[in-house]
Amino acid sequence: MYWNATYRVTTPLFLGGADPDANAELRTSTLKGLLRFWFRAIALPQIKKWTEVQELENNIFGSTKKQSSFLMTIHKQKGLTVTNTGDNWRNCHGLLYLGRGVVQEKRTEIQIRPYLEPGGSFTIRLQTKRNAPKDTAFFLPLTLQALGLFGAAGARSRKGFGSLSLESLTCDGEEIWKTPTTVEELKECHKTLLHKIKLSESGDSLPEYTAFSSQSQIWIVHTGTDAFELLNDLGYEMLRYRSYGRKNRGKHILPDHSDAEQNFADDHDLILDFCGGKQIQTHPRRVVFGLPHNYYFISTRDNVDVSPANKDYNRRASPLFIHIHALNTNKYAAVLTLLPAIFLPPGEKIEISSGPRNKVLVDCDVDYRYITDFMNRPAFSQSKVVVWP
């Protein structure tokens, strides 16, 4: 038994090898890792226990003790052009905000890592071996769908870069999945997948790791005719929501010179108090968007790092996934998927530090409501389509 899944790259894909600053390329190992992630995400609602999910994952995808139950190849690559120019990124403040780390604006130029341009496509083939577990035939096609409905690849993938839209899925040469061409059809594809993984039967508690659960939120929030502009608009909306703004002539402004909303002014004041030597007992509310969470104050020249105290964890990736889905050649949809889970293991602290002599440990107390507040922004109200719950 084999499956062919064809994906279209809808946004810039920052995916490289040993030296990502020098080149961009598709890598089988990276894509297989993504399939592992989405398998874990969709398997938990049905299997219930993480230990059992992990056991099945090792049986299907392989481990240090056994080979995977399928062979994976990439073929039919079309239009995957590599570029490292960012001239068309100028003044795209939403993209610059979402893409920190792979792209930055320095005075008169945009510095950007090599990436695969949007518009290209490729096909993943998965072929099962004779001794494949019986659950392989059920979970692999659903995993391929989950990647192509919610996911992305490469650096800044949870911020919408490298979005992969599933265009075709066949099993032994026969079509088993129909490409959505409208928002309503996309919603139905989502709901069909969620029904098959028995999401409605999942418990009320937060999962131990990032996975679908009853507390997940899936919304189609916006549509447009240009995927690049759609992601930029979404990024700028997040910038409006989260930014304190840059001080200019007595007020704080955003890059387009509009007034900053300062929805999280208390975060700014909390960290500024910390820099001034005051004792603080909580962390900024915005850590729910992921760790590390950094600050720089021009007025005091203080750099502050907010991160897990236990460096074995290093970071906590954002629970919010941005995905730009191609509906047809002239229309795209922005999908926001919130997969809340236990943010850090019980008892783990968050460290706030501005240097080796100035640090404090605080309890982890995140509230996912601050992400749903973003998803409820007025900018999305007219076009928003709720998929789940």
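**Before you click.** This is a predicted model, where local features need pLDDT of at least 70, side-chain atom pairs count only at pLDDT 80 or more, and totals for chains, interfaces and linings use all residues. Residues are numbered from 1 along each chain as its sequence is written, and side-chain values use heavy atoms, with hydrogens and water left out.

**Select everything.** In cartoon view you have nine helices and 19 strands; both are DSSP runs numbered from the N terminus, with helices being H or I of at least four residues and strands E of at least two. The radius of gyration is 21 Å, close to the 21 Å that the globule rule gives for 389 residues, so the protein is as compact as a globular protein of that length. That radius is taken over C-alpha atoms, and the rule is 2.2 Å times the number of residues to the power 0.38. Along the principal axes, the C-alpha trace spans about 65 × 45 × 45 Å.

Now colour by accessibility. Buried residues make up 52% of the 389 (buried is under 20% relative accessible area, exposed is over 50%, partly exposed is in between, with a 1.4 Å probe and protein chains only). As for contacts (heavy atoms within 4.5 Å), among those between residues at least 6 apart in sequence, 71% join residues at least 24 apart.

**Select Arg8 and Glu167.** Their side chains meet in a salt bridge at 2.8 Å, N to O (a side-chain nitrogen of Lys or Arg within 4 Å of a carboxyl oxygen of Asp or Glu). Arg8 sits in strand 1 (residues 2-9) and Glu167 in strand 8 (residues 164-171), so you're looking at a link between distant parts of the chain, 159 residues apart. Arg8 counts as buried at 14% relative accessibility, while Glu167 is partly exposed at 26%. By that rule, the count comes to 14 salt bridges.

**Select Lys349 and Asp363.** Here the closest N and O atoms of the salt bridge are 2.2 Å apart. Lys349 is in strand 17 (residues 349-355) and Asp363 in strand 18 (residues 358-363), so the pair ties together parts that are 14 residues apart in sequence. Both ends are partly exposed: Lys349 at 32%, Asp363 at 47%.

**Select Glu237, Arg240, Glu261 and Arg377.** What links these four? A network of salt bridges does. Then hop to Asp259 and Lys251, whose side chains meet in a salt bridge at 3.4 Å, N to O; Lys251 is partly exposed, with a relative accessible area of 41%.

**Switch to the backbone.** Zoom in on Leu291 and Pro292, joined by a cis peptide bond with omega about 5°. Pro292 is in the loop between helix 7 (265-275) and strand 13 (293-297). Next, go to Trp388 and Pro389: that peptide bond is cis, with omega near 5°, and Pro389 lies in the segment after strand 19 (385-388).

**Last stops: positive phi.** Asp172 has a positive phi of about 50° although it is not a glycine. Look for Asp172 in the loop between strand 8 and strand 9 (174-177), partly exposed at 41%. Finish at Lys198, a residue other than glycine with phi near 60°. Lys198 is in the loop between helix 5 (183-196) and strand 10 (217-224), and is partly exposed with a relative accessible area of 34%.
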